[in-house]
Amino acid sequence: MPRAAATAGRLAGRRTFHTSEASQRQGVLAGAAAASVLGCLAYCKEPALEDRFMSRQESRRLEQLPLSCAPAELAKRKKALPTLPLSEVQADHGEGVCWVTYRGGVYDVTAFLEAHPGGSARIEMVNGSDLESYWKVYDFHNSRPHIQQLMEEYRIGNLSASDAKKSEALSRDAFSSYYENDPQRPRADTGELRVTSVHPWNSEPLMHKLVESFFTPNDLFFVRNHNNVPDIKEEEWTLEIGRNNDCNMKEISFTLQDLKTKFEKVDVISTLECAGNRQEDFIEEDRPLYVAPHWRGGAIGCAKWSGVRVRDLLGAAGMDVDGMSLGRVKNPKAKIVNFEAIDEDETGIPYAGVIPVEKAIDPFGDTILAYEMNGVELPRDHGYPVRLMAPGTGGCRNVKWIRHISVSERPSELDSGSKLDRHFSPAISWTSHREHCAEDTAAPDWKSPLKTGAGDKTTIVLDQGPVIQSLPVQSLICYPPNRAEIAWDGESIEVKGVAYAGGGRGVCRVEVSIDGGENFHAAEMQRAPADDSRPPAEMGMGRNWAWVQFSQRIPLPADMRALLRKGQRVPIEVCSKAIDGDFNTQPERMSSSWNVLGICVNHWHRFNYVINPKLPKSHVPAAPPTPAPGCYKWPQN
Ligand code: HEM
């Protein structure tokens, strides 16, 4: 069953529609809209909308951000569109067709449903009504210009002023926040976190915090949520493992106490990085990134995770994990282990993720269900009571708040990564991606409204855009903070950072350059504490789960020192690259690894500083503010 159908099944009271006349008209109009929007890449702000709905703060943020449609162009296009009665918005438009209103506009967002990073069902909830009350909760939609611009691609008409008021009033009480019971996050109040969205909560530590200790403190560790945070009582929770006759598994369930008392407790020191870390590096003036949550570089951390091996749990359910690991038992229908979480969106769709069965049962794979993080009970934001820790895989695989595990031949339809965690070639555009998502579930006679005039359609071949499991080699300069003014000790400056490679490949070296990569020098590295209880993982031998922390004191060249001695402030760019245990390294340029879903971002990392010889040596540089999520321009500091 396609995900949309699964979604539809869960949507109580969802309206279904017929006839395709309206969507054909939408095809023409939105096609023209797309052409017009994509065709003009100047700054735009829409005065009527701003006057009526935007706070001064919102509009100030807009001024910093890229938009791609000139006001005159937008006004012309809006004028050419018909004024539609509200009754038409509320009418049936055909199976799966979805119309919404927003600030006086009418939008047919059918073609966007399957590409929506917040899930199609969340938009389908609004079908025939107004977005305002929904976006009061998910308010980043109102303040991110690329989303406002995206909406314009789907505008098919306008409402009269009275209908606009009526539509907004009708859905005013339709929706409220289900985030009231989210946990407290005190480190956000002290300014140590960059919060990219409050609903759902997504936060990364300011990057310099990453090198203050080898193990990232739990309350600083990045949090990637898709929904509200479940408030689970131990006595109400059980872990269910599904039956699978193909591999002799019976249905079985465990309480948290069972996990703690019936199985060996295992410690694993592992780094976890979100596949979308550094995705803000991909944003350009004319190329926004339409994905959440807009990390800069702090969506990575290292912790000691403790819990029970997944292979022990599957074994307890009846799977011959030793026989399979040794290749003596063949279970061709047991390829994937599915992890389903308790957190759900407002329509009841849970987060879920998959890993290959080999990773789950590998005796050296260290895949556990963790119930402790850095020696204490797993915090709610990190998945209490248990989360998957499949070291070496991307954050999205490591499902939190697990309630159900099953083994299957193919990934479950619920797998949240199948649309958003694919790694495409740089040639795949946002339009291609949207069309591909829509075509996946569209009716046979469906015509994309975006093709007309969009001009950037590149066919997607799924084999060429695999769902990611492990992440590429990465290095991140963390200290001093990017764009800080720093002191000088008369000879050199010092930088610190972290480096990591997925798949257990480990980092064999980190190199740092101050001349744009002409000359690199190896940095000193600090590794995780040695674990005498198991064989050492040699570089490239696949069991190096933790990051390394690096530091480098960089002597400055004579010409720079001369300027500094004269009292002049001197700008400097520092860049880093890591080399993994298989001798893969990071690409130099962003353009060669750019991909539309903003994942596996790992080109050379660059931080810029101004060395100020007048600052005392004891000066501790503060971290200047970073751009708002989705924005490529840095605030002036
Ligand atoms: C109908 C038009 C909509 C458009 C064009 C739209 C667009 C987007 C985009 C582009 C993002 C990615 C974030 C970013 O680029 O900054 C996003 C994320 C999201 N949207 Fe929407 N959205 C729409 C409707 C809705 C509605 C009605 C809801 C909720 C009721 C919703 C909930 C969310 C959530 C929760 C996320 C974050 C997902 C995550 O963190 O993974 N959206 N939306």
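**Close-up 1. Helix α20 and the glycine after it.** Gly567, which follows α20, has a positive phi, near 90°. Helices here are DSSP runs of H or I with at least four residues, strands are runs of E with at least two, and both are numbered from the N terminus. A residue is called buried if 20 or more other C-beta atoms lie within 10 Å of its own, exposed if 12 or fewer, and partly exposed in between, with C-beta atoms placed from the backbone. Before moving on, please note that this is a predicted model, in which local features need pLDDT of at least 70 and side-chain atom pairs count only at pLDDT 80 or more, while totals for chains, interfaces and linings use all residues. Residues are numbered from 1 along each chain as its sequence is written.

**Close-up 2. The shell around the ligand.** The ligand is surrounded by 27 residues, and the closest are Pro117, Gly118, Arg122, Tyr134 and Ala292. Two or more residues each come from α7 (120-124), α9 (140-143) and α10 (145-153), and α10 gives the most, with three. The shell has 19 nonpolar, six polar and two charged residues. For this tally, Ala, Val, Leu, Ile, Met, Phe, Trp, Tyr, Cys and Pro are nonpolar, Asp, Glu, Lys and Arg are charged, and the others, Gly among them, are polar. Because domain 1 (3-170) and domain 2 (186-418) both give residues to the shell, the ligand lies between them. The domain bounds come from an automatic or database domain assignment.

**Close-up 3. Strands β9 and β10.** Strand β9 (residues 266-273) is mostly covered, as six of its eight residues are buried. Eight bridges join β9 to β10 (residues 300-309), and the two run antiparallel. Look for Val266, whose bridge partner in β10 is Gly307. Strands are said to pair if DSSP finds at least two bridges between them.

**Close-up 4. The largest nonpolar core.** This core has 116 residues, and those touching the most other members are Leu369, Ala370, Ile402, Val498, Ala499 and Val507. Domain 2 (186-418) and domain 3 (474-611) each supply at least three residues to this core. Apart from it lies another core, of 27 residues, including Val89, Phe112, Met125 and Tyr154. A nonpolar core is a set of buried Ala, Val, Leu, Ile, Met, Phe, Trp, Tyr and Cys residues joined through C-beta atoms within 7 Å.

**Close-up 5. A five-stranded open sheet.** The strand order is β18-β25-β24-β20-β21, with mixed pairing. At the edges are β18 (485-486) and β21 (521-522), each pairing on one side only. Strand β20 (residues 507-513) runs antiparallel to β21, joined by two bridges. Glu511 has Ala522 in β21 as its bridge partner.

**Close-up 6. Two residues with positive phi.** Most residues other than glycine have a negative phi, and most peptide bonds are trans. Phe583 has a phi near 65°, and Cys600 has one near 55°. The loop between β24 (570-580) and β25 (605-611) holds Phe583, and Cys600 is also placed in the loop between β24 and β25. Phe583 is exposed because 12 other C-beta atoms lie within 10 Å, whereas Cys600, with 22 C-beta neighbours inside 10 Å, counts as buried.

Terms used
A residue is near a molecule or strand if its C-beta atom, placed from the backbone, lies within 6 Å of it.
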